[in-house]
Amino acid sequence: GQYEGFGQRLAIERGRVNFQGPLENPGLDVLAVKRGLPVEVGVSITRTAQNPLIKLYSDQPMADFQILSWLVLGRPADETGADRNADRAA
């Protein structure tokens, strides 16, 4: 499947909903990644529907700000830190 939101299109690589507990609070195991980049980045969602744990995902170790840069901008963050400081100047 696919997830589209905030101007981004992510491919759902794994999508499991587990109903071993209450029907109103299923377990979640979802991984959505952005395709077509030199690195694989995305979002993982685990735990339950009422208490989800949302984490940034990458197939190689990198800081969260780098993952976000790849997700939003489609490129690595500026090594000078300008990308991280851009919202502070606004």
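The largest pocket in this predicted model has a volume of about 260 Å³, where a pocket is an open set of points on a 1 Å grid over the protein atoms alone, at which a 1.4 Å probe fits, with protein on both sides within 12 Å along at least five of seven lines. The volume is the space filled by probe spheres set on the points, which are joined across faces, edges and corners. Local features need pLDDT of at least 70 and side-chain atom pairs count only at pLDDT 80 or more, whereas totals for chains, interfaces and linings use all residues. Residues are numbered from 1 along each chain as its sequence is written, and side-chain values use heavy atoms, with hydrogens and water left out.

**Overall fold**

- The protein comprises two helices and five strands, taken as DSSP runs numbered from the N terminus (helices H or I, at least four residues; strands E, at least two), and their pattern along the sequence is β-β-β-β-β-α-α.
- Of the 90 residues in the protein, 28% are buried, a term that stands for under 20% relative accessible area, with exposed meaning over 50% and partly exposed in between (1.4 Å probe, protein chains only).

**The pocket lining**

- Thirteen residues line the largest pocket, and Y3, L10, A32, V43 and I45 lie nearest its centre; a lining residue has an atom within 4 Å of a point.
- Two or more lining residues come from each of β1 (2-5), β2 (8-18), β3 (27-34), β4 (41-48) and α1 (64-73).
- The lining divides into 11 nonpolar residues, two polar and no charged, with Ala, Val, Leu, Ile, Met, Phe, Trp, Tyr, Cys and Pro counted as nonpolar, Asp, Glu, Lys and Arg as charged, and the others, Gly among them, as polar.

**The sheet**

- Five strands form an open sheet in the order β1-β2-β3-β4-β5, with antiparallel pairing; two strands pair if DSSP finds at least two bridges between them.
- Because β1 and β5 (52-58) stand at the edges with a single partner strand each, one side of each has no neighbour in the sheet.
- From one strand to the next, the twist averages 25°, with axes fitted as lines to C-alpha atoms and angles running from 0 to 180 degrees between N-to-C directions.
- The antiparallel strands β2 and β3 are joined by seven bridges, and N18 stands opposite G27 in β3.

**L68 in helix α1**

- L68, which is found in helix α1, has 42% relative accessibility and therefore counts as partly exposed.
- Leaving aside neighbours within four places in sequence, L68 is in contact (heavy atoms within 4.5 Å) with L56 and L73.
- Between L68 and Y57, which are 11 residues apart in sequence, the C-alpha to C-alpha distance is 9.5 Å.
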